[in-house]
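This report concerns one protein model and the ligand placed with it. The sequence and the structure are shown first.

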Amino acid sequence: MVDISPQLARLFREDLIVIDGSALRRPPLNQIQEVATAIDEMGRRSGIAQGLKGPNGAVAPVTQSFKLAGSSERLYILANGDSPRQLIGILKVGRKNLFHYDARGTMHQLQDQPSVLDFYVHEAFQRGGVGLSLFQAMLEHEETSAEALAYDRPSPKLIGFLRKHYHLAEFVPQQNNFVVFNRFFEKRAAPKQTAYDSVAARPLTARNNRRRFQ
Ligand code: ACO
């Protein structure tokens, strides 16, 4: 856990705060060194918990303050309400351009797809509902649902979490390691016919060409 210093306490008037890249680049956040340090420490712990390692074997965190500052991603940071107050969880979301094959082999281009990129609750608080509170707060703030999101390399714990709380289980594994649950496609409106579809519908279309580009 990361202790909330008096400087950080100025930010944590509520237990949950949301920081995006642009906020991190301007005052007051860029003037409080503890903010970057706290983000880096939570990111590092998340990386350790997920076993993320770089080529040199060192921890390779997904969440780092300098990367966040240069992005449009949003980081949700959760503190506990008890004294001494400490940071106990992070959840990072951002948009990605993904190519995705659904269960029928249809290729979808998911542009600016909202995605969960990092999610961590301190070990002392896991399996106590803290992750669910953090995730639910994110869904409300982002005005979205669990099935409408993509998940970057979800760990077995996150897979279990999503199955338990949101009944999300079926997905088609992808080479890019992002998971988009089958329900994402079931809930989407039928795609409009494109020029490519109308050509594909002609009898002379190659028989084995079953993959469509949307
Ligand atoms: N083993 C298996 N499933 C687990 C575990 C575990 N050790 N911990 C949590 N879960 C799943 C289970 O479904 C569990 O329900 P159960 O206890 O009835 O089996 C459920 O999550 C518990 O839900 P919460 O208490 O609301 O969630 P929690 O506070 O534990 O937070 C989280 C979930 C964030 C995944 C946490 O376990 C964690 O930080 N894990 C380590 C880091 C990690 O793997 N993060 C996801 C990375 S992938 C990504 O970010 C895209």
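## Basis of the report

The model is predicted. Local features are reported where pLDDT is at least 70, and side-chain atom pairs count only at pLDDT 80 or more. Totals for linings use all residues.

## Backbone geometry

Most residues other than glycine have a negative phi, and most peptide bonds are trans. The peptide bond from P27 to P28 is cis, its omega being near 0°. P28 belongs to the loop that runs between α2 (21-25) and α3 (33-50).

The other two sites concern phi. D112, a residue of strand β5 (residues 107-121), has a positive phi near 50° although it is not glycine. Its relative accessible area is 43%, so D112 is classed as partly exposed, that term covering the range between under 20% and over 50%. E143 likewise has a positive phi, near 50°, and is a residue other than glycine. E143 is located in the loop between α5 (130-142) and β6 (150-152). Because its relative accessibility is 73%, E143 counts as exposed, the cut-off being over 50%.

How many cavities of 30 Å³ or more does a search of the whole structure find? The search returns 1 cavity of that size. The largest cavity holds about 40 Å³ of space.

Its lining consists of L8, L11, F12, I17, I19, V35, A38, I39, I77 and L87. Two or more of the lining residues come from each of β2 (16-20) and α3. The greatest contribution is that of α3, with 3 residues. By class, the lining of the largest cavity has 10 nonpolar residues, with no polar and no charged ones.

## The largest pocket

The largest pocket contains about 790 Å³ of space. It is lined by 31 residues, of which F119, Q126, K157, L158 and F161 are the closest to its centre. The elements supplying two or more residues to this lining are α3, β5, α5 and α6 (156-166).

Which element provides the largest share of the lining of the largest pocket? That element is α6, from which 7 residues come. The lining of the pocket comprises 15 nonpolar, 9 polar and 7 charged residues, whereas the lining of the largest cavity has no polar and no charged residues.

## The ligand and its surroundings

There are 24 residues around the ligand, and F119, R127, G129, S155 and K164 come nearest. F119 is also one of the residues closest to the centre of the largest pocket.

A backbone N or O atom of G129 is placed 2.7 Å from an oxygen atom of the ligand. For G131, a polar backbone atom lies 2.8 Å from an oxygen atom of the ligand. In the case of S155, an N or O atom of the side chain is 2.5 Å from a ligand oxygen atom. On its own the ligand has 970 Å² of accessible area, of which the protein covers 85%.

Definitions and conventions: Residues numbered from 1 in each chain as written. Heavy atoms only, no water. Helix = DSSP H or I, 4+ residues; strand = E, 2+ residues; numbered from the N terminus. Buried < 20%, exposed > 50% of the residue type's maximum accessible area, 1.4 Å probe, protein only. 1 Å grid on protein atoms, 1.4 Å probe; cavity = no way out; pocket = protein on both sides within 12 Å on 5 of 7 lines; lining within 4 Å. Points joined across faces, edges and corners; volume = space filled by probe spheres on them. Nonpolar A, V, L, I, M, F, W, Y, C, P; charged D, E, K, R; others polar. Near = heavy atom within 4 Å. Polar contact = N/O pair within 3.5 Å; in protein donor to acceptor, adjacent residues only side chain to side chain. Areas by Shrake-Rupley, 256 points an atom, 1.4 Å probe, with all protein chains shown as cover.
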